[in-house]
Amino acid sequence: MAFARRLVGECAHMVLVARRKEVLMELSDELRAANSELKVTVVDCDLASQRARERLVQTIDTLPAGKTLLINNAGLGDYGEYLASSARRNHQMLHVNVLAVAELTRAVLPRLVEQGGGIINIASLAADLFIPDFAIYAASKAFVASFSEAVRLEVRKAGVPVVAVCPGPVHTGFGDVARRQGCTNGYSSFKKWVYTSIPTVVNGALDALKRNNPRYYPSRRIRLIAWLLRNTPLSLLRLVMGMRPRKVESLEKQ
């Protein structure tokens, strides 16, 4: 929603995708009120569904010619030990965080190469780290970051920028959805220290795309942490993550 509001004056046609159609319709009305010439297409789509993604790709194929900006910012998380995880939730996370990104990127690439545009993929600082109690989410964001970098190199001669955005915690509803019953809210002093505002992420991501940057870390603090993670020996990272405070009771203690 934040990206749509930021781009409302710069687009001729916007395709809004989410599960809840009523939310999309409200946003569509808001955007058209701000820009009466804007055409808005609403697609209520559960990205965890293969069939729904196929219908979305069909919609993309019918879009008029022109520059296209794809923003893959849907994401699911699940905080808790993998041993106690739900197979259904794991399936949904992999489909939304991995398959949807790959499939939608593939769907728009021919258009981008021929007509121009770019791709913003929302990864995470978690892409640079393995995180106990967040195993699939962190791994899925590592995929997004690596995938984005590879695709960027493949299409750079065509002038198509691809950026992986790697924020730390952001004030959205993501954490509430990801948190399992019995899990604490996790608002530690460190987490508050690395929080990034939504406008900073959105504006910085768009600027990074214009600059054709491969990755965007939306604050000096996040960039510092990312640098430390990349330059810390793996054995030391394992030790640190093994001593990391847990927000859920470990099954090893039960």
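Reply: Of the 254 residues in the protein chain of this predicted model, 44% count as buried. The accessible surface comes to about 14200 Å², with 54% of that belonging to carbon and sulfur atoms. The chain has 10 helices and 6 strands, and residues 24 or more positions apart account for 74% of its contacts with a separation of 6 or more.

Now to the helix pair. Helix α4 covers residues 87–115 and helix α5 covers residues 135–155; their axes come within 10 Å and cross at roughly 10°. Angles under 35 degrees count as roughly parallel, so α4 is roughly parallel to α5. By class, their contact has 14 nonpolar residues, 4 polar ones and no charged ones. On the α4 side you will find, among others, Met 93, Leu 94, Val 98, Val 101 and Leu 109. These belong to a set that meets α5 residues including Ile 136, Tyr 137, Phe 143, Val 144 and Phe 147.

From here, follow α5 to the sheet. Helix α5 lies across β4, β5 (162–165) and β6, and runs at about 165° to β5. These strands belong to an open sheet of 4 strands in the order β3-β4-β5-β6, with parallel pairing. The edges are β3 (68–72) and β6 (215–216); each has a single partner strand, so one side of each is left without a neighbour in the sheet. For β3, the pairing with β4 (residues 117–122) is parallel and runs over 5 bridges.

Key:
Residues are numbered from 1 along each chain as its sequence is written. This is a predicted model: local features need pLDDT of at least 70, side-chain atom pairs count only at pLDDT 80 or more; totals for chains, interfaces and linings use all residues. Side-chain values use heavy atoms; hydrogens and water are left out. Axes are lines fitted to C-alpha atoms, for helices over the stretch in contact, and angles run from 0 to 180 degrees between N-to-C directions. Helices (H or I, at least four residues) and strands (E, at least two) are DSSP runs, numbered from the N terminus. Angles under 35 degrees count as roughly parallel, over 145 as roughly antiparallel, 65 to 115 as roughly perpendicular and the rest as oblique. Contact means heavy atoms within 4.5 Å. Ala, Val, Leu, Ile, Met, Phe, Trp, Tyr, Cys and Pro count as nonpolar, Asp, Glu, Lys and Arg as charged, and the others, Gly among them, as polar. Two strands pair if DSSP finds at least two bridges between them. Buried means under 20% relative accessible area, exposed over 50%, partly exposed in between (1.4 Å probe, protein chains only). Accessible areas come from the Shrake-Rupley method with a 1.4 Å probe; for residues, only the protein chains shown count as cover.
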